[in-house]
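Please consult the sequence and the structure alongside the text.

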Amino acid sequence: MDIKRKCISCGESKNRNEMIKITKEYASGNVVIEPNSKIFGRSAYLCYNQNCIDNAFKKNRINKILKTNSNIDKKILEDLL
Ligand SMILES: [Zn+2]
C-alpha cells in the first residue's frame, strides 16, 4: 500500500513515486535530493512541476520546512522535470 505524501507547495497529496523527495539527513545535516533508502532525516516532498518548485523556493520556504541553511540547488530539482 502506498503512503500519500503532501507537496509542500500546493498541499496536494500524491503517491511517493509521483513526488520529488528532499531530505535533510539527520546524521550529517546534508540536504539530499531523491535520497536512497539508507538516508534518514527530515523530508519534504514536491510535485514534478515548475510551479511547485518555484513556490518552494519563495521566501526560503523549503529551508524553513527542512530547518536548514543549506543552499539547495534549484537547478537539480528542475533537471528532474
Ligand atoms: Zn505541488
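## Strand pairing and the sheet

Lysine 21 lies opposite tyrosine 45 of strand 5. Strands and helices here are DSSP runs numbered from the N terminus, with at least two residues (E) for a strand and at least four (H or I) for a helix. The model is a predicted one, in which local features need pLDDT of at least 70, side-chain atom pairs count only at pLDDT 80 or more, and totals for chains, interfaces and linings use all residues. Residue numbers start from 1 along each chain as its sequence is written.

Strand 3 and strand 5 run antiparallel and are joined by 7 bridges. Two strands are taken to pair if DSSP finds at least two bridges between them. Strand 3 also pairs with strand 4, again in the antiparallel sense, over 3 bridges. Together these strands form an open sheet of 3 strands in the order 4-3-5, with antiparallel pairing. Its edge strands are strand 4 (31-33) and strand 5, each of which pairs on one side only. From one strand to the next, the twist averages 20°; the axes behind this angle are lines fitted to C-alpha atoms, for helices over the stretch in contact, and angles run from 0 to 180 degrees between N-to-C directions.

Strand 3 is largely enclosed by the rest of the structure, because 5 of its 7 residues are buried. A residue is called buried if 20 or more other C-beta atoms lie within 10 Å of its own, exposed if 12 or fewer do, and partly exposed in between, with C-beta atoms placed from the backbone.

## The chain as a whole

The chain has 3 helices and 5 strands, which follow the pattern β-β-β-β-β-α-α-α along the sequence. Its average pLDDT (the predictor's confidence in each residue, from 0 to 100) is 95, and 98% of the residues score at least 70. Confidence is lowest in strand 1 (residues 4-6), with a mean of 95, and highest in helix 1 (residues 50-57), with 98.

A compact globule of 81 residues would have a radius of gyration near 12 Å, and the chain agrees with this because its own value is 12 Å. The radius is taken over C-alpha atoms, and the globule rule is 2.2 Å times the number of residues to the power 0.38. The C-alpha trace spans about 30 × 30 × 20 Å along its principal axes. Of the 81 residues, 23% count as buried.

## The nonpolar core

The largest nonpolar core has 15 residues, of which Cys7, Ile8, Ala44, Tyr45 and Leu46 touch the most other members. Strand 3 (19-25), strand 5 (41-47), helix 1 and helix 2 (61-66) each supply at least two residues of this core, and the largest share, 4 residues, comes from strand 5. Such a core is a set of buried Ala, Val, Leu, Ile, Met, Phe, Trp, Tyr and Cys residues joined through C-beta atoms within 7 Å.

Apart from neighbours within four places in sequence, cysteine 7 is in contact with Glu12, Met19, Tyr45, Leu46, Cys47 and Cys52. Contact requires that the C-beta atoms of two residues, placed from the backbone, lie within 7 Å.

Leucine 77 is located in helix 3 (residues 74-79).

## Burial and backbone of selected residues

The table lists C-beta neighbour counts.

| Residue | C-beta atoms within 10 Å | Class |
|---|---|---|
| Leucine 77 | 22 | buried |
| Asparagine 36 | 7 | exposed |
| Lysine 59 | 9 | exposed |
| Asparagine 60 | 12 | exposed |

Asparagine 36 belongs to the loop between strand 4 and strand 5. The loop between helix 1 and helix 2 holds lysine 59 and asparagine 60. Lysine 59 has a positive phi near 55°, and the phi of asparagine 60 is also positive, near 55°. Most residues other than glycine have a negative phi.
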